[in-house]
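Subject: Structure handover

Hi,

Here is the structure you were waiting for. Please open it first, then read my notes below.

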Amino acid sequence: MESSSVKSEKEEVLAPCDVEVAEMEREEEEIINGTRDRNSSNASVESQNSDHSVESQGDEAEQSGRIVEQLPQEIEEGNIEYKLKLVDPSKERFEQLVSQMKWRLAEGMGEAIYEIGVEDNGSPAGLDEEEMKKSLDTLASMAKELSADTSVVRTRDGVKGKVAEVLVRRYATEDFFEIRVAIVGNVDSGKSTLLGVLTRGQLDNGRGLARTNVFIHKHEIESGRTSSISHEILGFDSKGRIVNNVGVRGMTHQEICESSSKLVNFIDLAGHEKYLKTTVFGLTGHVPDFAMLMIGANMGVSGMTKEHLGLALALRVPVFIVVTKIDMCPENILKETMAQIKKVLKSPGCKKIPIVVRNDDDVVVSARNFVSERIAPIFCVSNVTGHNLDLLRSFLNLLPVRTDWEQLGEKPTEFHIDATWSVPGVGTVVSGTIISGKIGVNQKFLLGPDEFGKFAPVDVKSIHTKRLPVKLVKAGQTAAIALKKIKRSQLRKGMVIVDSSIKPQACREFEAEILVLYHSTTISCNYQAVVHCGVAQQTVKIVKLDKEYIRTGDKAKVQFRFLYWPEFLKEGSRLIFREGRTKGIGRITAIIKPEDEIGMGTSLGKRAKKKMEMMQAMGIEPTPAAIHEKSEKSEKTEEKPKEKSGEKKPWVKKEEYKAMKEKAAAAPPAKPHAPSASSQKDGKVHAGTSSKSNAHPVHGASHADSKKDGKKK
């Protein structure tokens, strides 16, 4: 009686967070034992038609010591198909099976998973060796009809035989699909080194040899720290084998793309705190499907590690952990690091189940449950010895596509610009990600918004993706696009290329629901911060707040206003705002129309106002059309060849110089100015000393040359 009373008291005192931790530990055990699947949300749907004989055989299997993995009931959507057996089907049945596989491949963007030996209710009945061989042969024949290949991922015990999990993937074609993985983590955690080892196939020497293959700038090689966003690709063929050459000569991007059925596009981001803006832009603007959080085994979980993890969670990007440098880390330090990682992942702010991957079965279970964003796989690897790198490669091979790009490809075109260039012989080039629709060569779109919120027509000159010239790119791909008759000075990061059918509208003010993660004091109206939303990043000001002030941990509905230029935003987009150590997250709930704006003064931003003031000073009516015309004229004058500073300027004859001096003396005097010290000393004020605009009018001779000639005279 006493024990039961003590137990009841403990249950009453148990905190809600302890209940959540206990529930997470129970789910962790279920996932490790293989009793949960990636469709865990449908795990409550139990089979009502399970056979009594199968149940009795399952009991016998459990009594014999075999672990039988029970799967959830099969669903019609998705790319996972259950088949009990495929032994000698008829011609009509074979055609039905091929049509079914075609549907599953379309659902998985050219990839499907077949569970052989499993009934529709998820019961792993199993097959004997002969039936399994015939079923796999039939499955291979079905895949061949659809230009696909099969590979057995793993085999496990069933109730009365074996169960096989088979990966079906289409052959390499020009229309490959890619998965974007952002690499984040603290500085010196081995991000670039791991990327170099994965993509080049050569281990590191312990002194940073592998990372030199992925660095872009010279100062990155000298310091060993990434300061910019770089891209590398890892290709897999239809059998799941890595395409990247392991030999001395690395394969070019063109060779990798031609031989790959699936591409993993790595986005290497900066880890140092002073490059946090670059890292945030990489996570928001490059639209990653997954995030790989790197942690040094000898460093543990640092402040920037938690910062990057929080950014990924705020943007709803699934995260998996890679612990590096285990070859140089003592065992007790490694245990402390693993304990810190598990503690952070199980915290109330994260609520993820850590799964340490140790074998191939853990890889398959983690990959199938990973999309649910409930678990966080942990890999302990070494870039020097190659320990567990094969498990990480297998996990990357099995990663599914999160977004239905096929459906988004049918919508109007929307292309987000994240970088601009001016390439000699080509012209202006922009790069970015196609969010929806398709872009082809010689098509016409709208580009904007500019400082006044306008969208201008633009033509596509040529397209490159993965350094390959192509005629068409689809939603979900990254591309570089050359534009016709557009100067780079008219472009900026954050602009978009959209279809004219969208009728895009620039946004100056928007309403959002925000959560303040940290702020030292209070936030009220007129507070300014930098907002990151997609490729848009700009300083905003709070013009309306539903409360008097907000603090750390508070939620509120606010109205933001851009300070410099309008942006292209959409309702439902996630945003991050920061200012110093202040950070917050939110979601856009409404786009404010120009007539409903409550900001002070005109709706133009600071840059547009500056241009209009310059036009007024020149006596030109400050209309947007006149400003555009003026900017085009200034660009044409900038195109004229300029003399190099190192070239010597030709001397002027004395007679010409005298005539020029007399002409300058007869001209009306310029505005009064303070004479220079040298001119005061000589008692004279030269005509060319007032400003830079009064340079010598002949052959571009400068004021310094005029003074030199005067002294000689």
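Contact here means heavy atoms within 4.5 Å. This is a predicted model, in which local features need pLDDT of at least 70, side-chain atom pairs count only at pLDDT 80 or more, and totals for chains, interfaces and linings use all residues. Residues are numbered from 1 along each chain as its sequence is written, and side-chain values use heavy atoms, with hydrogens and water left out.

Helices (H or I, at least four residues) and strands (E, at least two) are DSSP runs, numbered from the N terminus. Buried means under 20% relative accessible area, exposed means over 50%, and partly exposed lies in between (1.4 Å probe, protein chains only).

**Ser151**

Ser151 sits in strand E3 (residues 148-157). Its relative accessibility is 15%, so Ser151 counts as buried. Neighbours within four places in sequence aside, Ser151 is in contact with Glu165, Val166, Leu167 and Lys239.

Strands pair if DSSP finds at least two bridges between them. Seven strands make an open sheet with mixed pairing, in the order E6-E7-E5-E8-E9-E11-E10. Strand E6 (230-236) and strand E10 (353-356) are the edges, each pairing on one side only. From one strand to the next, the twist averages 25°. E6 and strand E7 (residues 262-268) run antiparallel, joined by seven bridges. Ser230 is placed opposite Asp268 in E7.

**Helix H13**

Which strands does H13 lie across? They are E6, E7, strand E9 (319-324) and strand E11 (375-380). H13 runs at about 115° to E7. Axes are lines fitted to C-alpha atoms, for helices over the stretch in contact, and angles run from 0 to 180 degrees between N-to-C directions.

Why is helix H13 (residues 389-398) largely enclosed by the rest of the structure? Because eight of its 10 residues are buried. Leu389, Leu391, Leu392, Arg393, Phe395, Leu396, Asn397 and Leu398 are the buried residues in H13.

Helix H6 (residues 191-200) packs here too: its axis and that of H13 come within 12 Å and cross at roughly 75°. That makes H6 roughly perpendicular to H13. (Angles under 35 degrees count as roughly parallel, over 145 as roughly antiparallel, 65 to 115 as roughly perpendicular and the rest as oblique.) From H6, Leu194, Val197 and Leu198 meet Leu389, Leu392, Arg393 and Leu396 of H13. The residues of this contact between H6 and H13 divide into six nonpolar, no polar and one charged.

**Strand E22 and its partners**

Strand E22 (residues 528-533) and strand E23 (residues 536-545) pair antiparallel over six bridges. Val530 stands opposite Thr539 in E23. E22 and E23 form a hairpin with two residues between them, and Gly534 in the turn has a positive phi of about 65°. E22 also runs antiparallel to strand E25 (residues 574-579), with three bridges. His532 has Ile576 in E25 as its bridge partner.

**Leu276**

Leu276 belongs to helix H9 (residues 276-285). It is buried, at 11% relative accessible area. Beyond its neighbours within four places in sequence, Leu276 is in contact with Met304, Glu307, His308, Leu311 and Lys583.

**Cysteines**

A disulfide is a pair of cysteine sulfur atoms within 2.5 Å. By this rule, the count is zero. Cys257 is buried, at 3% relative accessible area. Cys525 is partly exposed, at 38%.

Best wishes

Technical notes:
Ala, Val, Leu, Ile, Met, Phe, Trp, Tyr, Cys and Pro count as nonpolar, Asp, Glu, Lys and Arg as charged, and the others, Gly among them, as polar.
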